[in-house]
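The following exercises are to be worked through with the sequence and the structure at hand. Each task is followed by a solution in steps.

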Amino acid sequence: MAQMIFPQYRKGKVGIDIFPGTILEHARKLGVEIASECGGEGICGKCIVRIERGQDGLSEKTEAEKSFNLGEDERLACQAKVVKPTDIYVFVREMGEYTILADTVEDRMELNPFVYNQIRTTTLVFKVIDLESGERIATISRKNPQASYGDDVISRAGYTMNHEGELKELQQVVVKTINESLQELEGDMGEIRNSIYEAVAVGNSTMRSIFFGIDVSTLCVESL
Ligand code: FES
(Lines give C-alpha, C1' and ligand atoms only; values in the text may rest on other atoms or scores of the structure.)
Protein backbone atom coordinates (compact mmCIF):
# COMPACT_ATOMS: atom_id res chain seq x y z
CA MET A 1 0.00 0.00 0.00
CA ALA A 2 1.17 3.52 -0.75
CA GLN A 3 2.56 5.37 2.22
CA MET A 4 3.23 8.86 3.46
CA ILE A 5 6.79 9.12 4.74
CA PHE A 6 8.31 11.90 6.80
CA PRO A 7 12.10 11.54 6.29
CA GLN A 8 12.79 13.46 9.54
CA TYR A 9 10.70 10.98 11.55
CA ARG A 10 12.56 7.82 12.55
CA LYS A 11 14.93 8.39 9.65
CA GLY A 12 12.06 7.83 7.22
CA LYS A 13 11.91 4.14 8.10
CA VAL A 14 8.37 4.31 9.50
CA GLY A 15 5.55 5.74 7.42
CA ILE A 16 1.78 5.60 7.47
CA ASP A 17 -0.59 4.02 4.94
CA ILE A 18 -2.27 6.80 3.06
CA PHE A 19 -5.96 7.58 3.43
CA PRO A 20 -8.12 10.37 2.00
CA GLY A 21 -7.10 13.01 4.52
CA THR A 22 -4.72 15.95 4.84
CA ILE A 23 -0.98 15.69 5.39
CA LEU A 24 -1.56 17.10 8.87
CA GLU A 25 -4.02 14.29 9.67
CA HIS A 26 -1.49 11.70 8.52
CA ALA A 27 1.20 13.36 10.64
CA ARG A 28 -1.01 13.37 13.73
CA LYS A 29 -1.85 9.69 13.33
CA LEU A 30 1.82 8.79 12.94
CA GLY A 31 2.92 11.02 15.83
CA VAL A 32 4.86 13.54 13.73
CA GLU A 33 4.60 17.00 15.22
CA ILE A 34 3.93 19.75 12.71
CA ALA A 35 3.55 23.32 14.00
CA SER A 36 -0.12 24.23 13.54
CA GLU A 37 -0.95 27.32 15.51
CA CYS A 38 -4.44 27.79 14.02
CA GLY A 39 -5.37 24.14 14.50
CA GLY A 40 -5.54 23.39 10.77
CA GLU A 41 -7.78 26.24 9.62
CA GLY A 42 -5.38 27.44 6.91
CA ILE A 43 -4.82 30.77 8.65
CA CYS A 44 -1.45 30.75 10.43
CA GLY A 45 0.80 29.38 7.69
CA LYS A 46 2.91 27.51 10.27
CA CYS A 47 2.36 24.06 8.84
CA ILE A 48 4.38 24.53 5.65
CA VAL A 49 5.91 21.32 4.33
CA ARG A 50 7.99 20.51 1.29
CA ILE A 51 6.88 17.60 -0.89
CA GLU A 52 9.99 15.70 -1.87
CA ARG A 53 8.13 13.04 -3.83
CA GLY A 54 4.54 12.31 -4.79
CA GLN A 55 3.17 15.80 -5.50
CA ASP A 56 0.73 14.35 -8.02
CA GLY A 57 -0.90 12.32 -5.24
CA LEU A 58 -2.12 15.51 -3.59
CA SER A 59 -5.09 17.81 -4.20
CA GLU A 60 -4.75 21.16 -5.98
CA LYS A 61 -3.62 24.13 -3.92
CA THR A 62 -6.51 25.73 -2.00
CA GLU A 63 -7.30 29.44 -1.84
CA ALA A 64 -5.78 29.48 1.65
CA GLU A 65 -2.51 28.11 0.28
CA LYS A 66 -2.50 30.59 -2.58
CA SER A 67 -2.63 33.42 -0.05
CA PHE A 68 0.81 32.38 1.24
CA ASN A 69 4.02 32.79 -0.69
CA LEU A 70 4.66 29.07 -1.11
CA GLY A 71 7.35 27.57 -3.31
CA GLU A 72 6.32 25.22 -6.08
CA ASP A 73 7.00 22.12 -4.00
CA GLU A 74 5.61 23.60 -0.78
CA ARG A 75 2.16 23.00 0.69
CA LEU A 76 0.21 23.73 3.85
CA ALA A 77 -0.05 20.38 5.63
CA CYS A 78 -3.55 21.22 6.84
CA GLN A 79 -4.80 21.92 3.31
CA ALA A 80 -3.11 19.39 1.03
CA LYS A 81 -5.20 16.22 0.83
CA VAL A 82 -4.28 12.81 -0.49
CA VAL A 83 -6.22 12.12 -3.69
CA LYS A 84 -4.20 9.32 -5.33
CA PRO A 85 -2.55 6.15 -4.02
CA THR A 86 1.09 7.03 -4.43
CA ASP A 87 4.04 7.23 -2.02
CA ILE A 88 4.41 10.76 -0.70
CA TYR A 89 7.58 12.06 0.97
CA VAL A 90 7.02 15.08 3.19
CA PHE A 91 9.74 17.27 4.68
CA VAL A 92 8.44 19.28 7.64
CA ARG A 93 9.72 22.83 7.95
CA GLU A 94 8.85 23.41 11.63
CA MET A 95 8.96 20.41 13.92
CA GLY A 96 9.90 22.28 17.10
CA GLU A 97 11.77 20.62 19.94
CA TYR A 98 12.22 22.30 23.28
CA THR A 99 13.07 21.58 26.87
CA ILE A 100 10.21 20.99 29.26
CA LEU A 101 10.41 22.34 32.77
CA ALA A 102 9.61 19.27 34.87
CA ASP A 103 11.14 20.11 38.23
CA THR A 104 9.35 21.70 41.13
CA VAL A 105 10.77 23.29 44.27
CA GLU A 106 8.99 20.84 46.58
CA ASP A 107 9.50 17.12 46.17
CA ARG A 108 7.18 16.24 49.02
CA MET A 109 3.45 16.81 48.68
CA GLU A 110 0.79 16.62 51.31
CA LEU A 111 -1.98 15.61 48.92
CA ASN A 112 -0.01 12.76 47.34
CA PRO A 113 -1.17 13.17 43.73
CA PHE A 114 -0.12 10.47 41.29
CA VAL A 115 -0.46 12.35 38.04
CA TYR A 116 0.41 16.01 38.05
CA ASN A 117 -0.30 17.96 34.91
CA GLN A 118 1.75 21.14 35.03
CA ILE A 119 -0.24 24.36 34.48
CA ARG A 120 1.02 25.09 30.97
CA THR A 121 -0.67 24.00 27.87
CA THR A 122 2.36 23.06 25.85
CA THR A 123 3.61 20.28 28.09
CA LEU A 124 2.50 17.36 30.18
CA VAL A 125 4.36 16.38 33.32
CA PHE A 126 3.63 13.15 35.16
CA LYS A 127 4.82 12.42 38.64
CA VAL A 128 4.61 9.26 40.66
CA ILE A 129 4.25 9.93 44.35
CA ASP A 130 4.68 7.41 47.12
CA LEU A 131 1.35 7.53 48.97
CA GLU A 132 2.94 6.61 52.30
CA SER A 133 5.91 8.99 52.40
CA GLY A 134 4.64 11.70 50.01
CA GLU A 135 7.94 11.53 48.16
CA ARG A 136 8.27 11.83 44.43
CA ILE A 137 9.70 8.64 43.00
CA ALA A 138 9.53 9.35 39.26
CA THR A 139 8.85 12.19 36.82
CA ILE A 140 8.14 12.03 33.11
CA SER A 141 7.63 15.04 30.86
CA ARG A 142 6.20 15.17 27.38
CA LYS A 143 5.29 17.77 24.84
CA ASN A 144 1.50 18.06 24.80
CA PRO A 145 0.42 15.99 21.76
CA GLN A 146 -2.58 18.33 21.40
CA ALA A 147 -0.20 20.99 20.08
CA SER A 148 -0.67 19.70 16.54
CA TYR A 149 -4.35 20.62 16.87
CA GLY A 150 -3.53 24.24 17.73
CA ASP A 151 -0.77 25.97 19.65
CA ASP A 152 -2.98 27.43 22.34
CA VAL A 153 -6.09 26.35 24.22
CA ILE A 154 -8.38 28.72 22.33
CA SER A 155 -7.36 27.21 18.96
CA ARG A 156 -7.87 23.71 20.33
CA ALA A 157 -11.25 24.54 21.84
CA GLY A 158 -12.20 26.15 18.51
CA TYR A 159 -11.05 23.02 16.73
CA THR A 160 -13.47 20.87 18.71
CA MET A 161 -16.29 23.27 17.79
CA ASN A 162 -15.53 23.19 14.06
CA HIS A 163 -14.84 19.46 13.66
CA GLU A 164 -17.34 16.85 14.74
CA GLY A 165 -15.92 14.07 16.88
CA GLU A 166 -12.63 15.89 17.47
CA LEU A 167 -13.19 16.37 21.20
CA LYS A 168 -12.84 12.61 21.52
CA GLU A 169 -9.71 12.64 19.35
CA LEU A 170 -8.08 15.39 21.43
CA GLN A 171 -8.93 13.46 24.59
CA GLN A 172 -7.53 10.25 23.18
CA VAL A 173 -4.14 11.72 22.24
CA VAL A 174 -3.58 12.75 25.86
CA VAL A 175 -4.81 9.43 27.25
CA LYS A 176 -2.51 7.63 24.82
CA THR A 177 0.44 9.74 25.99
CA ILE A 178 -0.34 8.94 29.63
CA ASN A 179 -0.52 5.21 28.87
CA GLU A 180 2.75 5.32 26.93
CA SER A 181 4.38 7.19 29.82
CA LEU A 182 3.19 4.54 32.26
CA GLN A 183 4.62 1.86 29.99
CA GLU A 184 7.93 3.71 29.88
CA LEU A 185 7.97 3.95 33.67
CA GLU A 186 7.34 0.24 33.89
CA GLY A 187 10.37 -0.29 31.68
CA ASP A 188 12.47 1.43 34.38
CA MET A 189 10.66 0.42 37.55
CA GLY A 190 8.85 -2.82 36.76
CA GLU A 191 5.10 -3.30 36.95
CA ILE A 192 3.40 -0.33 38.64
CA ARG A 193 -0.12 -0.19 37.22
CA ASN A 194 -1.54 -2.49 39.89
CA SER A 195 -0.08 -0.19 42.53
CA ILE A 196 -1.84 2.95 41.36
CA TYR A 197 -4.50 3.90 43.88
CA GLU A 198 -5.13 7.51 43.03
CA ALA A 199 -4.70 9.78 40.01
CA VAL A 200 -4.93 13.56 40.07
CA ALA A 201 -5.04 15.63 36.88
CA VAL A 202 -4.45 19.37 37.07
CA GLY A 203 -4.65 21.85 34.21
CA ASN A 204 -6.39 24.95 32.92
CA SER A 205 -10.12 24.83 32.13
CA THR A 206 -9.70 23.75 28.50
CA MET A 207 -7.04 21.12 29.18
CA ARG A 208 -8.99 19.70 32.10
CA SER A 209 -12.32 19.57 30.27
CA ILE A 210 -10.84 17.93 27.17
CA PHE A 211 -9.09 15.37 29.39
CA PHE A 212 -12.45 14.40 30.88
CA GLY A 213 -14.20 14.55 27.48
CA ILE A 214 -16.36 17.53 28.46
CA ASP A 215 -17.64 19.94 25.77
CA VAL A 216 -15.44 23.07 25.75
CA SER A 217 -17.41 25.15 23.27
CA THR A 218 -18.81 27.46 25.98
CA LEU A 219 -15.26 28.38 27.02
CA CYS A 220 -14.82 30.15 23.67
CA VAL A 221 -18.01 32.20 23.78
CA GLU A 222 -17.50 35.89 24.38
CA SER A 223 -20.07 37.51 26.70
CA LEU A 224 -21.06 41.07 25.85
S1 FES B 1 -2.26 27.07 8.26
FE2 FES B 1 -2.40 26.89 10.41
S3 FES B 1 -2.21 24.78 10.68
FE4 FES B 1 -2.10 24.98 8.55
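Helices (H or I, at least four residues) and strands (E, at least two) are DSSP runs, numbered from the N terminus. Two strands pair if DSSP finds at least two bridges between them. The structure is a predicted model, in which local features need pLDDT of at least 70 and side-chain atom pairs count only at pLDDT 80 or more, while totals for chains, interfaces and linings use all residues. Residues are numbered from 1 along each chain as its sequence is written.

**Exercise 1. The sheet**

Solution. 
Step 1. Met4 has Ile16 of β2 as its bridge partner.

**Exercise 2. The cores**

Task: Identify the residues that touch the most other members of the largest nonpolar core.

Solution. 
Step 1. A nonpolar core is a set of buried Ala, Val, Leu, Ile, Met, Phe, Trp, Tyr and Cys residues joined through C-beta atoms within 7 Å. A residue is buried if 20 or more other C-beta atoms, placed from the backbone, lie within 10 Å of its own, exposed if 12 or fewer, and partly exposed in between.
Step 2. The largest such core has 21 residues, of which Ile34, Cys47, Val49 and Ala77 touch the most other members.
Step 3. At least two residues of this core come from each of β1 (3–5), α1, β3 and β5 (88–92).
Step 4. A second, separate core has seven residues, including Tyr149, Ala157, Leu167 and Leu170.

**Exercise 3. Gly42**

Task: Determine where Gly42 is found and why Gly42 is classed as partly exposed.

Solution. 
Step 1. Gly42 lies in the loop between α1 (23–30) and β3 (48–53).
Step 2. Gly42 is partly exposed because 16 other C-beta atoms are within 10 Å.
Step 3. Two residues are in contact if their C-beta atoms, placed from the backbone, lie within 7 Å. Beyond four places in sequence, the contacts of Gly42 are Thr62, Ala64, Leu76, Cys78 and Gln79.
Step 4. Gly42 and Leu76 are 34 residues apart along the chain, and their C-alpha atoms are separated by 7.4 Å.
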